[in-house]
There are 4 protein chains.
Amino acid sequence: MGMPLELNTMIVTKGKEQKSSEKEFMLIKEGYRLYPLDIPIELRVTKEGEPVCLVKIKKLQWEKEQTTIIYEPVNDLDV
Amino acid sequence: MGMPLELNTMIVTKGKEQKSSEKEFMLIKEGYRLYPLDIPIELRVTKEGEPVCLVKIKKLQWEKEQTTIIYEPVNDLDV
Amino acid sequence: MGMPLELNTMIVTKGKEQKSSEKEFMLIKEGYRLYPLDIPIELRVTKEGEPVCLVKIKKLQWEKEQTTIIYEPVNDLDV
Amino acid sequence: MGMPLELNTMIVTKGKEQKSSEKEFMLIKEGYRLYPLDIPIELRVTKEGEPVCLVKIKKLQWEKEQTTIIYEPVNDLDV
């Protein structure tokens, strides 16, 4: 009677993001993943790579054991 | 640098659910709320009321400080 | 860069609880498990069994991929 | 019937940490806060300040609406 999830502190795209609007990107990950919304978090292409930029997640969706997030870059890197 | 959320173990509808398909209902709640998906949880109309039935949440969405869930009744109450 | 955890809505003891004080019990579970504290949740002996009583978790601890909870029975079952 | 918690992706000490063993520190925060264990996260003194180092949380405890964490510095900053 438990639901497995994964607590994430950054986004790792593995290059699989898609543009979803002029300034937003969408990424689908396997499993239910918990990310913080509306606060700056690091985005990396690979887990071992350098941070590419800071982004804010604007939307998170769980369905059929997949997590979909919509995020946008944060302009000021010192936020 | 934190994201407030609320851990929920049951659904309290306050009568605000909407039918979203033949056997599914949709409910919007204020704030980011964490519910378990895909496992039976109780549904109540009010916090103090009796459980009405067991449901499974099939989809959860966080956006603009609101949580939207889609759920369906579980037929066998002894699941 | 993620931490696996399991969202739980009830306690399943499998008979492994220990008395930790006059009115409190302690239970150790494998893995990091997220339970709500300070609100009434069901306690069962087995996952498929009937609820035994309502309890409130007073303390939760994560360490070395184990979860330890301290809980006490809720006297009024209609809480 | 919900439990408020806060999802955190980094530690902000505000200078309130205490040494708890030769290489470990303890920090108490108000409220129930969810941090990832066993993976490197940033430690800052203030929310707006620069990251001081990477640490791993080895233990997390929730009790009486307080969160206590035990963490240790990560030696290799490129982990």
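**Notebook: strands in chains D, A and C**

I started with strand 6 (residues 40–44) of chain D, which is mostly covered, as 5 of its 5 residues are buried. Buried here is under 20% relative accessible area, exposed over 50%, partly exposed in between, with a 1.4 Å probe and protein chains only. Strands are DSSP runs of E with at least two residues, helices are runs of H or I with at least four residues, and both are numbered from the N terminus.

Ground rules for myself: this is a predicted model, where local features need pLDDT of at least 70, side-chain atom pairs count only at pLDDT 80 or more, and totals for chains, interfaces and linings use all residues. Residues are numbered from 1 along each chain as its sequence is written, chains are lettered from A and ligands numbered from 1 in the order written, and side-chain values use heavy atoms, leaving out hydrogens and water.

**Neighbours of strand 6, chain D**

I checked pairing next; two strands pair if DSSP finds at least two bridges between them. Strand 2 (residues 10–12) of chain D runs parallel to strand 6 of chain D, with 3 bridges joining them. Across that pair I found D:Val12 opposite D:Arg44. Strand 7 (residues 51–63) of chain D runs antiparallel to strand 6 and is joined to it by 5 bridges. There, D:Glu42 stands opposite D:Leu54. Strands 6 and 7 of chain D form a hairpin, and 6 residues lie between them.

**Chain A overall**

I counted 0 helices and 8 strands in chain A. Its radius of gyration, taken over C-alpha atoms, is 12 Å, which agrees with the value near 12 Å for a compact globule of 79 residues; the globule rule is 2.2 Å times the number of residues to the power 0.38. The C-alpha atoms of chain A fill a box of roughly 45 × 25 × 20 Å along the principal axes. Buried residues make up 47% of the 79 in chain A.

I also looked at contacts (heavy atoms within 4.5 Å). Of those in chain A with a separation of 6 or more, 54% are between residues 24 or more positions apart.

**The sheet shared by A and C**

I traced an open sheet of 4 strands with mixed pairing, in the order 5(A)-1(A)-1(C)-5(C). Its edges are strand 5 (33–34) of chain A and strand 5 (33–34) of chain C, each pairing on one side only. On the chain C side, strand 1 (residues 2–8) and strand 5 run parallel, joined by 2 bridges. C:Leu7 has C:Leu34 in strand 5 of chain C as its bridge partner.
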